[in-house]
Amino acid sequence: VDLSTRPFVVRGEYGTDCRARTLIISTGATAKRLEIPGAGEGPGQYWQRGVSACAVCDGAAPIFRDVPLVVIGGGDSAMEEALFLTKYGSEVFIVHRRDELRASKIMQRRASQHPKIRMLYSTVVAAVLGDGKLMNAVRLKDVKTGEEREERAGGLFFAIGHEPNTKFLNGQLELDSSGYIITTPGSTQTSVAGVFAAGDCQDKKWRQAITAAGSGCMAALEVEHYLAGLDE
């Protein structure tokens, strides 16, 4: 995309150029995942068959009810997801490779005091196991001793952050330190007039389909007003 000229130029994957007087950037954000045997996609893997990267999106699904669940992460997002999952799972393991969490003290306290949550420090998930249809266990490894053990689990949730899909902009829009597009508060307007951003590429907090759709509606209305102003 070239935002230095007007109309703006968007170049497609196969070299097709599109020109526009205004743009809405809605490229989303990708959940970070670890390369764990059994957690990927394809035969013998359990992505979306017990493995997820969004507890709020998937946690209420029937396959996660009344079974042990695993959350990988050590920040506030991991604590929040683990607490959310206690509504559905029989118990929730928070697996963290270090011996202390990065989460805020208040979130650590809430999680550690919950009767359904167990903290597994200095531990990693070495593999996701299943019956060919759904996952049913994880193999855990103590990073200090190298000892491995299996733990029954009906779900595994990555909670290690997201990466906004904004690298293609090559610095043409103002981004925050994490790569999210900065918009004017209460608006979808970016640092370039006529360019708007909607959805998870500019929302690092909520990251839900309904909030993305709402900001998309805002962007469409702002584009309409912007174009009307150009034609006056």
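The tour covers backbone features, helices and salt bridges.

This is a predicted model, in which local features need pLDDT of at least 70 and side-chain atom pairs count only at pLDDT 80 or more, while totals for chains, interfaces and linings use all residues. Residues are numbered from 1 along each chain as its sequence is written, and side-chain values use heavy atoms, with hydrogens and water left out.

**Stop 1: backbone features**

Select Arg 6 and Pro 7, which are joined by a cis peptide bond with omega about 0°. Pro 7 belongs to the segment before β1 (8–11); strands here are DSSP runs of E with at least two residues, helices are runs of H or I with at least four, and both are numbered from the N terminus.

Next, select Gln 48, in the loop between β4 (29–31) and β5 (51–52). Its phi is near 65°, a positive value in a residue other than glycine. Gln 48 is partly exposed at 47% relative accessibility, where buried means under 20% relative accessible area, exposed over 50% and partly exposed in between, with a 1.4 Å probe and protein chains only.

Then move to Asp 66, in the loop between α1 (55–58) and β6 (68–72). Here too phi is positive in a residue other than glycine, near 60°, and Asp 66 counts as exposed at 64% relative accessibility. As background, most residues other than glycine have a negative phi, and most peptide bonds are trans.

**Stop 2: the α2 and α3 pair**

Display helix α2 (residues 76–85) together with α3: their axes come within 9 Å and cross at roughly 30°. Axes are lines fitted to C-alpha atoms, for helices over the stretch in contact, and angles run from 0 to 180 degrees between N-to-C directions. The two helices are therefore roughly parallel to each other, a label for angles under 35 degrees. The crossing of α2 and α3 is left-handed, meaning that the near helix is turned anticlockwise from the far one by less than a right angle.

Which residues meet between α2 and α3? Show Asp 76, Met 79, Glu 80 and Leu 83 in α2, which meet Met 107, Arg 110 and Ala 111 in α3; contact means heavy atoms within 4.5 Å.

**Stop 3: helix α4**

Select residues 209–231, the 23 residues of helix α4. Colour Ser 215, Ala 219 and Val 223, the buried residues of α4. These buried residues pack against β3 (23–25) and β14 (195–197). An α-helix has 3.6 residues a turn, so residues three or four places apart point the same way.

**Stop 4: salt bridges**

How many salt bridges are there? The count comes to eight, each being a side-chain nitrogen of Lys or Arg within 4 Å of a carboxyl oxygen of Asp or Glu.

- Arg 11 and Asp 17 form one of them, at 2.9 Å from N to O; Arg 11 is exposed at 54%, and Asp 17 is partly exposed at 37%.
- Glu 163 and Lys 167 form another, at 3.1 Å from N to O; Glu 163 is partly exposed at 35%, and Lys 167 is exposed at 65%.
- Asp 99 and Lys 144 meet at 3.7 Å from N to O. Asp 99 lies in the loop between β7 (91–95) and α3 (105–112), and Lys 144 in the loop between β10 (135–142) and β11 (148–152), so the pair ties together parts that are 45 residues apart in sequence.

Methods
Expected span 1.5 Å × (residues − 1). Parallel < 35°, antiparallel > 145°, perpendicular 65-115°, else oblique.
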